[in-house]
Amino acid sequence: MRGGARWTIGSGASISILNEPWLTNGEFISSDVPGAHFLHNFTINILMNLYDKSWNEQVVRQVFSVDIASKILHTPLISQVEEDRIVWKGERHGHYSVRSAYRLCVTELIDSSYLWHPGYWSGIWNLKVPPKVKNLLWRMCRGCLPTHVRLLDKGVVCPTTCASCDSSHEDLSHVFFECPFTIQVWHTTGLWGSVQHALSQTASTTEAIFYLLENLAVELSQRLSTVMWSIWKHRNLRVWDNVTETSDVVVERARNMVTDWQLANAPNILAVVSPPPPGTAANVGTSAHDHHAGSLWQPPMPGRYKCNVDTAFSSHHNRTGIGVCVRDSEGTFVLAKTFTYPCIVSVDVGEALVLHSALQWLSDMQLENVDFETDSKLIVDAFRSDRTDLSEFACIISSCRSLFHNLFSNSRVEFVRRQANGVAHTLAREVTRSAVYYDIPACIKPIIINEML
Ligand SMILES: [Zn+2]
C-alpha cells in the first residue's frame, strides 16, 4: 500500500518528517540525509506557520539542504484540507471514503452561513462615487466603523462621548443621523426629509442606509453617500486633530468631491472612443477571425455582475497568482482582487483555489446575482457534478459548492473561452502582491475599456 500512497497535508501533526510520502508526487525525505537523527521524533507541523498554513521558509532552509528545502517549499499547503490523510497518488481522486470528505465540507457549509448579511449591497457597489466613499459605506453597513461605542464593545477603553455635541453615546446612528450637528448638515443638503422618512421606515442605521440607496435617484444617492463620507471626515478631524468645522464646510467638501469625481471620470469616457494602442493586451480577442461566439467577453444581463477568475504560475518566484475582477452589465469596473499563493500548485488545484477565493471574497462583499466565469472546463464540470473524493482538488471544489449554495442566490458558475477571460488572466499574471482594488488597476485598464465598446 505504501508504494502507491501519499499524504494530503492537513495540520501536519500526524505526519513524520522522515520516511513519509508527504512531498509533491509522494516523494519522501530519507533518514539517510545529513542531520536526520535530529528529526526522528518530529512531525512536519514544526516546519509550518500555523496561523496561515504556509511553510516557515526560514526554518526549512536552516534545517535542510538546498534541494530538499526547495522540494518542501514547492509542496503546496492548502487551507481547505483539514486532516492529514493517506491517499492513492495514482488517481487524482485518491478514493477511500467519499462520505467523510463530504461531511467535512458540510460542516464548513453550516459555519459559513453567518457570513451573509441581508441588505441592498449592490446599491453601494453601483454608486457613482470615489472608491473610498463606497468603502466607508461598506464598513458602516458591516458594523466595522470604529465609533467610540464600537471601540468600547471591542474592549478599547475610551470615552464614548460625541466629538460634536454633549451626547455620551457616539454610535453609528448618532454620528450619521442623530447628532444635532449632523442634522444641520442634512438640512443644508436638502436630504433631511428623505433621511427622516428612511429612519421611520426601518429598524437600524444600516437598514436606513439601504432603504435610502434603494429609493433615492442616482444624483441624490451620490450626494447622500459623499455627505456621509464628509461627516465621518469631520468627526475624525475633530477627534484626532481637534479641528472644528461648520456644517457648511462639511457639505461643501461633499459637493466638491462629486464635482472632482465627475471631472476625473470624463477623460475615461473619451478614452473609450479611441482604440487602445496596437500590441497591448486589450487587442487579445478582437482580431477579425476571433469574432465567433464565446471568444469575446460579454457583459452580464442588467442587474447582474460578472466575475472573471484566473490563475497564473510563476515557477521563477515559486508563486501562484490569482486574479478576480467584477464588472456590471455595462462592463463598468466594480471591484478586483489579486492574491498570491506562496508555492506552485497543480493547474487544477490553482483554478479551484481561485474560484474558492472569489466566492469567499464576494460573499464577504455581499454581492449576489453573480455570473462567475473561469476558462477551466475541468473546474466547471467538477463544480456541477456532485461527485467528491479525498483529493485536495475535491476538498476545495466541495468547499466551493458549500459556499456557493449557502451564500449566493441567483448566481452561476460558467465556462468561458480563454480569450474572453483576459482581464482575470492579466491580473493573475501581473500580480505581485495580494490586494483589493476599488479603482481599475492600471494593468487591466485597456482591456476593460476595450470590452466596454
Ligand atoms: Zn453628537
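Asn369 counts as partly exposed because 16 other C-beta atoms lie within 10 Å; a residue is buried with 20 or more other C-beta atoms within 10 Å of its own, exposed with 12 or fewer, and partly exposed in between, the C-beta atoms being placed from the backbone. The model is a predicted one, in which local features need pLDDT of at least 70 and side-chain atom pairs count only at pLDDT 80 or more, while totals for chains, interfaces and linings use all residues. Residues are numbered from 1 along each chain as its sequence is written.

Asn369 has a phi near 55°, a positive value in a residue other than glycine. Asn369 sits in the loop between α13 and β8. Helices (H or I, at least four residues) and strands (E, at least two) are DSSP runs, numbered from the N terminus. Asn19 also has a positive phi, near 60°, and lies in the loop between β1 (5-8) and β2 (48-49). Asn19 is partly exposed because it has 14 C-beta neighbours inside 10 Å.

For the protein chain as a whole, the secondary structure comes to 17 helices and 10 strands. Of the 453 residues, 38% are buried. Among contacts with a separation of 6 or more, 69% join residues 24 or more positions apart; two residues are in contact if their C-beta atoms, placed from the backbone, lie within 7 Å.

Strand β5 (residues 305-314) is mostly covered, with seven of its 10 residues buried. The pairings of β5 are listed below; two strands pair if DSSP finds at least two bridges between them.

β5 and β6 form a hairpin with four residues between them. In that turn, Asn318 has a positive phi of about 50°.

Two helix contacts follow. The axes of helix α13 (residues 347-364) and helix α15 (residues 392-407) come within 9 Å and cross at roughly 25°; axes are lines fitted to C-alpha atoms, for helices over the stretch in contact, and angles run from 0 to 180 degrees between N-to-C directions. α13 is therefore roughly parallel to α15. Angles under 35 degrees count as roughly parallel, over 145 as roughly antiparallel, 65 to 115 as roughly perpendicular and the rest as oblique. On the α13 side the contact includes Val349, Leu353, His356 and Leu359, which meet residues of α15 including Phe393, Ile396, Cys400 and Leu403. By class, the contact of α13 with α15 has 12 nonpolar, four polar and two charged residues. Here Ala, Val, Leu, Ile, Met, Phe, Trp, Tyr, Cys and Pro count as nonpolar, Asp, Glu, Lys and Arg as charged, and the others, Gly among them, as polar.

Helix α5 (residues 131-141) and helix α11 (residues 218-241) have axes that come within 9 Å and cross at roughly 75°, which means that α5 is roughly perpendicular to α11. Lys132, Val133, Leu136 and Leu137 of α5 make the contact with Ser225, Thr226, Met228, Trp229 and Trp232 of α11. This contact has six nonpolar, two polar and one charged residues.

Helix α17 (residues 445-452) is mostly covered, six of its eight residues being buried. The buried residues are Pro446, Ile447, Ile448, Ile449, Asn450 and Glu451.
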